[in-house]
Amino acid sequence: MITKTDHLRLFPYLYVVVFVTALTFVIHVTGLSIERVNAAVLYLIPVLLTSRMWGRGPAYFAATLGVVAFDFFFVPPMLSFTVSDLRYLVSFAVFLFVAFITTTLTSELKLQIYKMRQNEEYTNALFLLSRKMAAASSLADVVAVMQSIKPAIMYNNFALYVPKDEHVLQRVVFDDHSAWMPIDGEEQIVKWVFEHQEKAGRGSPRLSQSNRVYVPLSTEQVVCGVVAYDLFHDNKLFEEQLQRFDTISGVCALAVARVQLAEQAKSVHLAKESERLRNILLDSISHELKTPLATVMGSVTAVIDGDHVLTDEDKQELLLMIREGAMRMNRLVTNLLNMVRWETGMVKLQRRWCYIDEIIGAALEQLKDTLTLHPVMVKIPDTMPFVYIDDVLLEQVIVNIVSNAAKYSQVGEPIEIAVMLRGEGLQIAISDQGFGISKEEQPHVFEKFYRSQNANHHPGTGLGLTICKNIIEAHNGWIKACDNELALHGTTIVLWIATKFQQDIGYEGDVLLCQQTESVSSLLTMNHPYRN
Amino acid sequence: MSTDGVSIVIIDDEPPIQKLICVTLRAHGFKVAEASTGQDGVVKVSTFRPDLVILDLGLPDLDGVDVLSSIRSWSQVPILILTARDQEQEKIKALDAGADDYVTKPFSMGELMARIRALLRRLPIGSNEGSILHCGPIDIDLSQHTVMRGSERIKVTPTEYELLKLLAQNSGRVLTHKYLLQHVWGGQQWQTESQYLRIYIGHLRKKIEEDPTRPKIIVTEPGVGYRMLFPD
């Protein structure tokens, strides 16, 4: 059976036959055959063109066919393979010799051009490789870069092994496209290569029959992994390729070492940071929990043990202290739980169409006990549309900020809440005229457990604003603290959240109840916007 | 309101909370029965036939919502939910399953007592037709379909009137968005229509509240619904 590729391979030979036939015809018709040397030289044309276009095989074929045609048609006796003058045999030999030499030279030139192109591609790939590797910030990046240069370096697949712990090397799994099938005992091979810093696989003494090459990744200081290359079965430029693998592996090694160092530095930093947070958390919790707990226990025991000496007023005062202590503990626990919910990703935004005045109203209602000592002004434009936000979480934000505003200002100092539409979102500014926050501290107040210097005398955990920031950022918004510019002192917290808007719907269709009560029931059924 | 002879069943697995509520309720003159598991609770409710049930959602044996549905399948007794979970979804789930109101732990006794009183005050539907509902400064004349503030008449639309009436008839209780939409608009797609509700509540507040941004009569239960309060 002849396959499609066989067809393609046979085509040049067919062309050669057509070409030589046509040439023979032309020579015959034009009478060039009178001087036989001319005709012989003309038969070199198909040979040269064929070797240039299709390589050696067709060129040799063209040379042979040329000699046969020349002999048959133009060497006496005509139309016969017999040669009357034996000197022609020498001519044939010379012709064939010239043709073969030319073909060989042309083919070699072609191969060299091919190699040069390969080299150029390789140089480009190498350039790309070093540039991309310099930007790689993770092992996945390194693998992605290696994937991208696969065609230029001509290997089928590759795998990157890095040490998982002291004894095991682990393959960096990147994606499904690069399905790598480990050969039997690959783990041991990789480990051996890693430990001995020697290559294995094809082209090296060990596992030379394998179709893979294992190259250790080493820089001057460290050995950081192993790269395994899977080769194509019909690999031609093998020697050059082996050298290239060395070069690529060198670049790769630098990147892997850099990534590993960065990760180490990061984990050290993380460990330090988490230790710092743990300490703050312990300090903060122990202080914030124990203070109210002490109040509660003290007051309770005072009431129980001192029943006969305390007046009713004393008891009432102690009971109020107990309530205050319990509420403080409740706030702390709620904040901590909220923080954990956010950090573990348990909070999902539930956006709904809401009125912002309703949310602010609910927040102020929640704070009514605290706010008896502070006048609150709310400025909301009359034409405020519906906004698409998580009302419950936004209420929590407003409660946290407004209660801070109250906590850090003197009795009687006003709090202002100003709402406006800005761009594709909603802006809320909450201002107090309290102690204020210094410019240096303003960017930090949203950090976890951060307490302003001015706030040290007030109870608090430094979690409230962090939770606000989490909520606002989940809404694709931002929050910042700045000086209250409309007052002599104090702070303004400005927040912006991205939201869709919707104007009032359906209210206009509803008519006011008129004087006649008889028609009410019919109005009730007729004028529901919902039913319209 | 006299509480003598009014009986309440408390279903809660935490002894301190149970004791706290028991002591307080007994001091207020209620008759109290306790249950510490869901199954026991259902049995107690069926044998005692109480006037009110206080049910903790986090029980050791059964899910609180299952207990709720079980009681609801044969009794219309008012059920007040205690929940430590301050997640709105849980509250809404319980309210939709037939709970009448909820109190989130930690709660103050004043709050709990106010909720209990509101539930016990609730009148059977239809019994107050033709009478006048007093909601703090607002009077709703059910026979005349009018809303008055003192001697001044407040003009409301039919939908606003229905909404106000429903809230007033259930004053002190939380009504979920779903409940209000179904009973005022008869809507099925309540999730997409909840803007209507917010618009009408907004307009009602502008008409009856002194400061619509800080409502005292119709308060928002964030994420859950609305509650009409009597300003004390």
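In what order do the three strands of the open antiparallel sheet of chain A stand? The order is 6-8-13. The model described here is predicted. Strand 6 (352-354) and strand 13 (501-502) of chain A stand at the edges of this sheet. Each has a single partner strand, so one side of each is left without a neighbour in the sheet. Strand 8 of chain A covers residues 386-389. Two bridges join strand 8 of chain A to strand 13 of chain A, in the antiparallel sense. Phe386(A) takes part in this sheet, standing opposite Gln502(A) in strand 13 of chain A.

Chain A as a whole contains 14 helices and 13 strands. The chain has 532 residues, of which 30% count as buried. Among its contacts with a separation of 6 or more, 61% come from residues 24 or more positions apart.

Strand 9 of chain A spans residues 415-422, and strand 10 of chain A spans residues 425-432. The two pair in the antiparallel sense, over eight bridges. Within this pairing, Ala418(A) has Ala429(A), in strand 10 of chain A, as its bridge partner. Strand 9 and strand 10 of chain A form a hairpin, with two residues between them. Gly423(A) lies in the turn and has a positive phi of about 60°. Strand 10 of chain A also pairs with strand 12 of chain A, residues 491-498. This pairing is antiparallel as well and has seven bridges. Here Leu426(A) has Ile497(A), in strand 12 of chain A, as its bridge partner.

Helices of chain A were examined next. Helix 4 of chain A runs from residue 56 to residue 74 and has 19 residues. At 1.5 Å a residue, helix 4 of chain A should span 27 Å. The end C-alpha atoms of helix 4 of chain A are 26 Å apart, which agrees. Several residues of this helix are buried, including Pro58(A), Ala59(A), Leu65(A), Gly66(A), Phe70(A) and Phe74(A).

Helix 10 (residues 312-343) and helix 13 (residues 464-474) of chain A pack together at an angle of about 35°. Their axes are 10 Å apart. The crossing of helix 10 and helix 13 of chain A is left-handed. Helix 10 of chain A contributes Asn335(A), Asn338(A), Met339(A) and Trp342(A) to the contact. These meet Gly464(A), Thr466(A), Ile467(A) and Asn470(A) of helix 13 of chain A. The residues of this contact comprise three nonpolar, five polar and no charged.

Chain B also holds an open sheet of three strands. The strand order is 10-12-11, and the pairing is antiparallel. Strand 10 (174-176) and strand 11 (218-221) of chain B are the edge strands, and each pairs on one side only. Neighbouring strands of this sheet are turned by 30° against each other on average, direction ignored. Strand 12 of chain B covers residues 225-228 and runs antiparallel to strand 10 of chain B. Three bridges join these two strands. Thr176(B) stands opposite Gly225(B) in strand 12 of chain B.

Two helices of chain B meet this sheet. Helix 6 of chain B, residues 158-169, lies across strand 10, strand 11 and strand 12 of chain B. Helix 6 of chain B runs at about 70° to strand 12 of chain B. Helix 7 of chain B, residues 177-185, packs on the sheet and touches strand 10 and strand 12 of chain B. The direction of helix 7 of chain B makes about 75° with that of strand 10 of chain B.

How values were computed
Residues are numbered from 1 along each chain as its sequence is written. Chains are lettered from A and ligands numbered from 1 in the order in which they are written. This is a predicted model: local features need pLDDT of at least 70, side-chain atom pairs count only at pLDDT 80 or more; totals for chains, interfaces and linings use all residues. Two strands pair if DSSP finds at least two bridges between them. Helices (H or I, at least four residues) and strands (E, at least two) are DSSP runs, numbered from the N terminus. Axes are lines fitted to C-alpha atoms, for helices over the stretch in contact, and angles run from 0 to 180 degrees between N-to-C directions. Two residues are in contact if their C-beta atoms, placed from the backbone, lie within 7 Å. A crossing is left-handed if the near helix is turned anticlockwise from the far one by less than a right angle, and right-handed if clockwise. Ala, Val, Leu, Ile, Met, Phe, Trp, Tyr, Cys and Pro count as nonpolar, Asp, Glu, Lys and Arg as charged, and the others, Gly among them, as polar. A residue is buried if 20 or more other C-beta atoms lie within 10 Å of its own, exposed if 12 or fewer, and partly exposed in between; C-beta atoms are placed from the backbone. The expected span of a helix is 1.5 Å times one less than its number of residues.
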